[in-house]
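Me: I would like to go through this model feature by feature. Please give the general idea each time, and then the case at hand.

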Amino acid sequence: MAQTEVAPASTDGRFGPELLVVEDLKKHFPVTRGIIFQRQIAAIKAVDGVSFSVRQGETLGVVGESGCGKSTMARCVMRLLEPTSGRIVFDGRDITKISRADMRPLRREMMMVFQDPYASLNPRKRVGFIVAEALEVHKLGTETETKRRVQELLEVVGLNPEHYNRFPHEFSGGQRQRIGVARALAVNPKLIVCDEPVSALDVSVQAQILNLLKDLQRDFGLTYVFIAHDLNVVRHISDRVMVMYLGHAVEIASRQQLYSEPKHPYTGALLSAVPIPDPQAGRERKPIVIEGDVPNPINPPKACWFHPRCPRFHEGHCDVVTPELTSFGNGHVAACHYPLERWPMTADEMRMASQTSSAR
Amino acid sequence: MALLDVKDLKTYFRTDDGIVKAVDGVTFSVEKGQTLSIVGESGSGKSVTCLTVMGLNPKKNTISSGEALFKGEDLLTMGSRRLRQIRGNDIAMIFQDPMTSLNPVHRIGDQLAEAVLLHQDVTKKQALKRGLELLKAVGIPRAERRMEDYPHQFSGGMRQRVMIAMALVNDPDLLIADEPTTALDVTTQAQILALMNNLQKEFDSAIIIITHDLGVVAETADDVVVMYAAEIAEQGSVDSIFGRPHMPYTWGLLGSLPRLDTDLERLVQIKGQPPSLLRPPAGCRFHPRCPYVMDICKKEDPPLKPVSGDADHLAACHLDEETKDREAQKLIAGTLAAAS
């Protein structure tokens, strides 16, 4: 399916030029059978045609259920996985096909913060080494300069510079995630891809890391691609949000638009499922329960990927014609034949609306 | 009489480094048909409290004291034979991680039937039938066929449903759920919470739900216990905890939460880390992280006492009522102002 329309980045002047442009990115993992002669019998379409762009200084939040391809998308953008097809333009340069050697100097401009602060730090290396490694790889500075820089970084992320010689196990989860952030910052990157950086942390520690990321963005003009499954967290940190489902971007909008007037029924269902920490409002809340689980990406549903679970499903349309990303103004795009007319909406309204509009 | 009455419960673990006071004097009770929620950071003693009540701590190196009266019987001093009769039958537990708490080499159906066979005088066939009923009740599609499947053939949400089905198979009077939705996506979480709510209505069971998600607490709980460093920091009805929180730690928890209904530029953050339970700080255990710390906090551990005008709402804090009311209102007004 052709889905090449690039979602226009937000138009307000707060942000710089487009730093990262991704066009029709696809990543299919082959499923093989046979021991000596392996033949491909199917493909897992982990990412299947995602287009977006991020401007300098902006934070793009990416949300979706587990298995929707968020992390695979991030790894393709970082060129940690080879994309099957599509185009990735970073800072005006097409990096989709460039060699490892050519990629190497670019690596210092795009760094990553990983989900699990327990697994992403080498337990046998001291913190000083972990943070300094990128500096040494890129041959930035002498030994004394590197040491000074690392201590400075530890201080920036709110750790004691004297902990330079400690091992990761001597730190708590939140402190480890700070080390991960310091490591990403070491080489002054332009873009940081954060893959679920706070989902393994307690709420109080989560708040510390979120505040830290915001402060660093303000101080160093960083650009983030922030992946999370927690809609509250994404809303807090993002300027624009992309909702992914089964390897596709189903809706991209500014934070304000996405959370106040979602167009895609999937976004609506996600929003309505978030518990509100207020006993009165919470008890009155009626989540739009979408049935079942995310379908198997080996054999995804035909046409609209969401139709088997969608409350607004129209037989003969949604399961036949693939919806394209269509614009709702101000850079708000969604891929749905029957977008939501208003928000909030109850499950019944969502369904009834679908019956009345089926006449067209 | 309450269904479960826990009085001054203490659980200490002997370790090589000394004694870890994992639970240090916790008192609460749960009534039939009610939901109690225990909240707090990791390591605050939430899970150990429930494991102690269930008698699931390792015998060696554990020292427990206090009382846990279930329908008048003390679970802590009861013989292991009687405890086995109660566990899985009258009290059931849902564990946090659905990936590791099912046996990977047995079929789901057999695992469900085992729970029935242990406690009821029925044939294997009847037990399987009962298991199937529950599997249908928790909303697993094509349940007949899924009975034959192994745990790895289920997704995370489906496995958690199987765990719930297993816990409910003997219609327990008390269900203890340890972070039942933490590993799940919001959409699945909404399904599971709705399911637990329906089952509670149907069987009038009591539920203890352990979680660190305050959104889940607000929507499911009748009463809330806030734990900090092995002690109760504050407890009361859900409306009083959210509407008139009386302890700086609770303020921190509420303020540190990014939420859909408000727009805050910066989150309130509780500085520092939870203390080590090997050597908890003297005086109030929260004082090293508390922004309102006074001299007395460093010396005297504040008792858990009722707040003025609400005998059921207890808080352990030295701050005077006036300051607490003012600060709590400020916090709530802050979030509300941002919402409007």
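Me: How many Å separate the centres of domain 1 of chain B and domain 2 of chain B?

Reply: Some conventions come with the answer. This is a predicted model, in which local features need pLDDT of at least 70 and side-chain atom pairs count only at pLDDT 80 or more, while totals for chains, interfaces and linings use all residues. Residues are numbered from 1 along each chain as its sequence is written, and chains are lettered from A and ligands numbered from 1 in the order in which they are written. Domain bounds come from an automatic or database domain assignment; for chain B this gives domain 1 (4–221) and domain 2 (243–339). Taken over C-alpha atoms, their centres are 30 Å apart.

Me: Which residues make the contact between these two domains, by number and class?

Reply: Two residues are in contact if their C-beta atoms, placed from the backbone, lie within 7 Å. Domain 1 of chain B gives nine residues to the contact and domain 2 of chain B gives seven. On the domain 1 side, β2(B) gives the most, with four residues. That side has three nonpolar, three polar and three charged residues, where Ala, Val, Leu, Ile, Met, Phe, Trp, Tyr, Cys and Pro count as nonpolar, Asp, Glu, Lys and Arg as charged, and the others, Gly among them, as polar.

Me: In which sheet is β2(B), and what is the strand order?

Reply: Strands of a sheet pair through backbone hydrogen bonds, either parallel or antiparallel. Two strands are taken to pair if DSSP finds at least two bridges between them; helices (H or I, at least four residues) and strands (E, at least two) are DSSP runs, numbered from the N terminus. Here an open sheet of four strands runs in the order β2-β1-β4-β5 (chain B), with antiparallel pairing. The edge strands, β2 (18–30) and β5 (73–74) of chain B, each pair on one side only. Ten bridges join β1 (residues 4–15) of chain B to β2(B) in the antiparallel sense, and B:T15 stands opposite B:G18 in β2(B).

Me: Which residues touch the most other members of the largest nonpolar core?

Reply: In soluble globular proteins, nonpolar side chains tend to be buried together. A nonpolar core is a set of buried Ala, Val, Leu, Ile, Met, Phe, Trp, Tyr and Cys residues joined through C-beta atoms within 7 Å. A residue is buried if 20 or more other C-beta atoms lie within 10 Å of its own, exposed if 12 or fewer, and partly exposed in between, with C-beta atoms placed from the backbone. The largest core has 193 residues, of which A:V193, A:F226 and B:A165 touch the most other members. Helix α6 (residues 156–168) of chain B gives the most to this core, with eight residues. Domain 1 and domain 2 of chain B both give residues to the core, so it lies between them. Leaving aside residues up to four places away in sequence, the residues that A:F226 touches include A:L60, A:V62, A:C194 and A:I237.

Me: How many residues of chain B are in contact with chain A?

Reply: There are 38 in chain B, in contact with 35 residues of chain A. Helix α7(B) supplies the largest share of the chain B side, six residues. By class, that side has 18 nonpolar, twelve polar and eight charged residues.

Me: What share of chain A is buried?

Reply: Buried residues make up 47% of its 360 residues. The secondary structure of chain A comes to eleven helices and twelve strands.
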